[in-house]
Amino acid sequence: MTSKVYSAQLIDSLPSEMSKNWQACLHFESHPASCHTTDLPESRTVQPSQVTYQSFTKSFIPNSQLKGRPLGLLLAHIDDTDKVYLNNQLIGSTGQFPPQFESGYRLSRLYIIPEEMIKFNHFNQIKIQTFSSRNQTGIQFEAPILGDFLTFQHSLYQQNYFYIIFAAILLMLVIFPVFYFVMVKGNQETIYFLLFLVGFAIVTLCRSHLPTELGLNLSSAYKIESFMLMQAMISMSIFIFKFFDLEVRKIYAIGLFILGFAALILIVWPYAIHLRLIAEINYFLLNIITFFVAGSAIIVAIHKQRKYASIFLITCISGWLFLLYDALMQANGLFELNIKNYPQVIPVIAAITGLIFTLTLTHKYWHYFKGSTYDHLTHTLLRPAFFQRLSEEMNRCRRIEDLLLVAVIEIQQAKKISINYGYSIGNHLLTSVSQSLTKVLRPYDLICRFNDEQFCIAASISVKEDAEQCIQRIYDELINIEQPINNQIELYIDARIGGVLYNQEQHLSVSHIVQDANYALSKAKSEAKQSFLLIQNAAMPTRN
């Protein structure tokens with residue numbers, strides 16, 4: 001009796017941490033249990049594979065002053081499943097023990113203690129049975145706490161609201177890539193960014209108590225979480241390549257394919273008891289491959305001096321470090337690291353990363369909803385801005401009696417290339433055309449993207465002969481553009497150009513001079529042997 005009194009804990013205030021004098025036992029199928037006295041949480045140890053379950057037993061004496069208060073037992077983290085008994089009566093469980101194993105890994109437990117089960121001012125015995133699919137100590141992070149059930153419940157609700165809020169933020173950000181995908185023709189990076197956001201929103205919800213409250217199979221929820229995490233990171237890697245218009249080389253594609261295959265293995269694996277081992281291996285595989293693939297893409301973008309590359313570098317390095325931390329948190333069976341479990345880290349970092357990428361996309365496509373000036377793809381003037389600048393140039397030439405060349409350039413096969421080979425190839429072609437025009441013309445000359453296959457330029461010249469030479473240089477530069485389709489196919493540009501010199505008397509507005517340039521273009525297109533045509537005045541066209 002004296003021994004029992006010594007080992008029992010007096011509970012006279014709430015909350016009370018129950019960390020001292022637990023009897024911990026390893027239970028085996030073929031021989032008696034091995035027991036010892038310990039404090040909780042226990043240090044992390046690897047248990048023999050023959051262990052069927054582990055039990056933690058403790059005596060306590062609740063003060064009668066606690067009668068009438070709703071008592072609850074809080075277990076912050078159990079590895080993996082548990083059953084809790086009070087005076088040999090089951091008061092709660094999470095997950096299922098083998099053979100129908102169902103993991104409750106990483107979930108906080110709160111069990112209400114019915115008052116009729118409690119013996120106030122007398123000895124009570126609490127027994128916690130645990131089973132770990134990774135042969136780990138069942139209670140290794142925080143000791144059980146006896147306290148007010150409603151207070152604990154409110155705290156867990158706050159944690160759940162945390163997950164729901166961040167999942168809602170990620171899903172709200174989905175509006176932006178959907179809008180940009182609709183507005184920007186041939187835009188592919190937004191699809192992968194959308195998959196990134198949706199993937200991490202599902203990961204966030206799976207880490208909450210929502211699967212438990214909905215009565216879902218917890219092992220299936222863990223499968224979905226791990227699968228969506230890998231899908232989201234694969235999508236993010238491809239998003240980076242598409243954002244910077246980079247080629248996904250074979251070695252990168254193989255790496256992403258390995259990740260996808262590993263994710264599929266996890267989702268179809270029939271034995272729930274092996275899920276954590278597979279998920280831990282996949283998680284480190286994910287960290288290694290995404291670091292290599294996404295990191296390589298950002299390094300190439302920096303080398304090519306692509307805009308926003310530094311923002312992506314800082315964001316991705318920070319996110320990858322937290323992803324590595326989350327992997328180490330969960331790798332109980334792979335490494336002997338005592339890292340406290342914070343499953344909230346990834347939802348927070350995913351939301352911050354999603355917000356940064358959303359702001360970057362918004363800045364890239366800002367002209368669709370604020371003061372359209374430049375085309376996002378070719379970095380040339382859009383039609384309204386071009387017309388305004390052209391009107392200013394016409395007024396300037398009228399004052400100083402200078403000459404002005406306006407020409408419309410049509411890339412004959414641009415639309416067909418986009419349709420037949422994909423918009424990424426078509427966009428690359430348009431970018432090459434704009435770069436060639438920028439190379440030929442001077443910095444103060446005007447370049448405008450009219451539509452999917454037409455550009456318009458306005459260039460100041462000294463004499464009429466310079467206009468003919470300018471169009472000739474443009475044509476020669478364009479026909480030398482090589483557009484690779486794949487390793488076997490390479491296309492060359494087929495361009496038609498119609499130009500006109502500004503005439504103060506005939507061109508009273510921008511629309512008049514552009515109309516004459518389009519007329520010259522239509523004449524050039526009507527004759528097979530004629531690639532460009534310059535109209536020196538509206539009445540007398542001059543062929544070249």
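Which residues of helix 14 are buried? Before you check, bear in mind that this is a predicted model. Now select Ala467, Cys470, Ile471, Ile474, Tyr475 and Leu478: those are the buried residues of helix 14. Turn the view until you look down the axis of helix 14, and its buried residues fall within an arc of 130°, so they line one face of the helix. Helix 14 itself covers residues 464-479, 16 residues in total. From its first C-alpha to its last it reaches 24 Å, close to the 22 Å expected at 1.5 Å a residue.

**Next stop: helix 11**

Select residues 383-400, which make up helix 11. The end C-alpha atoms of helix 11 are 26 Å apart, which agrees with the span its 18 residues should have at 1.5 Å a residue, also 26 Å. Now colour the buried residues of helix 11: Ala385, Phe386, Leu390, Glu393, Met394 and Cys397. What do they pack against? Show strand 12 (403-411), strand 13 (446-449), strand 14 (454-461) and helix 15 (510-526), and you have the partners of those buried residues.

Stay in helix 11 and zoom in on methionine 394. Is methionine 394 buried or exposed? Its relative accessibility is 2%, and with under 20% as the cut-off, methionine 394 counts as buried. Leaving out residues up to four places away in sequence, methionine 394 touches Leu404, Tyr502, His507, Ser509, Val510 and Ile513.

Before you leave, click on glutamate 401, which follows helix 11 and has a positive phi, near 55°.

Two packed helices are described by the angle between their axes and the distance between the axes. Keep both in mind for the next two pairs.

Start with helix 7 (residues 250-268) and helix 8: they pack at an angle of about 160°, with their axes 10 Å apart. An angle over 145 degrees counts as roughly antiparallel, and helix 7 and helix 8 are therefore roughly antiparallel to each other. Their crossing is left-handed. To see the contacts, show side chains on helix 7 including Ile251, Tyr252, Leu256 and Leu259, and on helix 8 including Leu275, Ile278, Asn282 and Phe292; these are among the residues that meet.

On the helix 8 side, the residues in contact include Arg276, Glu280, Tyr283 and Phe291. On the helix 9 side, look for Phe312, Cys316, Trp320 and Asp326 among them.

Serine 133 touches Arg276, along with Asp80, Phe101 and Ile273, when residues up to four places away in sequence are not counted.

**Serine 133 and the loops**

Serine 133 is in the loop between strand 10 (124-131) and strand 11 (145-148). At 14% relative accessibility, serine 133 counts as buried.

From serine 133, hop over to its contact Asp80. Aspartate 80 lies in the loop between strand 6 (71-75) and strand 7 (81-86). Check the peptide bond joining aspartate 79 and aspartate 80: this one is cis, with omega about -10°.

Where is the peptide bond from proline 98 to proline 99, cis or trans? Pick the pair and you'll find a cis bond, with omega near 10°. Proline 99 sits in the loop between strand 8 (89-94) and strand 9 (109-113).

**Last stop: two asparagines**

Select asparagine 87, found in the loop between strand 7 and strand 8. Its phi is near 55°, a positive value in a residue other than glycine. Asparagine 88 belongs to the loop between strand 7 and strand 8 too, and has a positive phi of about 70° although it is not a glycine.

Asparagine 87 counts as buried at 16% relative accessibility, whereas asparagine 88, at 65%, counts as exposed.

How values were computed: Residues numbered from 1 in each chain as written. Predicted model: local features only at pLDDT ≥ 70, side-chain atom pairs only at ≥ 80, totals over all residues. Heavy atoms only, no water. Helix = DSSP H or I, 4+ residues; strand = E, 2+ residues; numbered from the N terminus. Expected span 1.5 Å × (residues − 1). Buried < 20%, exposed > 50% of the residue type's maximum accessible area, 1.4 Å probe, protein only. Arc of directions from axis to C-beta. Contact = heavy atoms within 4.5 Å. Axes fitted to C-alpha atoms, helices over the stretch in contact; angles between N-to-C directions. Parallel < 35°, antiparallel > 145°, perpendicular 65-115°, else oblique. Left-handed = near helix turned anticlockwise from the far one by under 90°.
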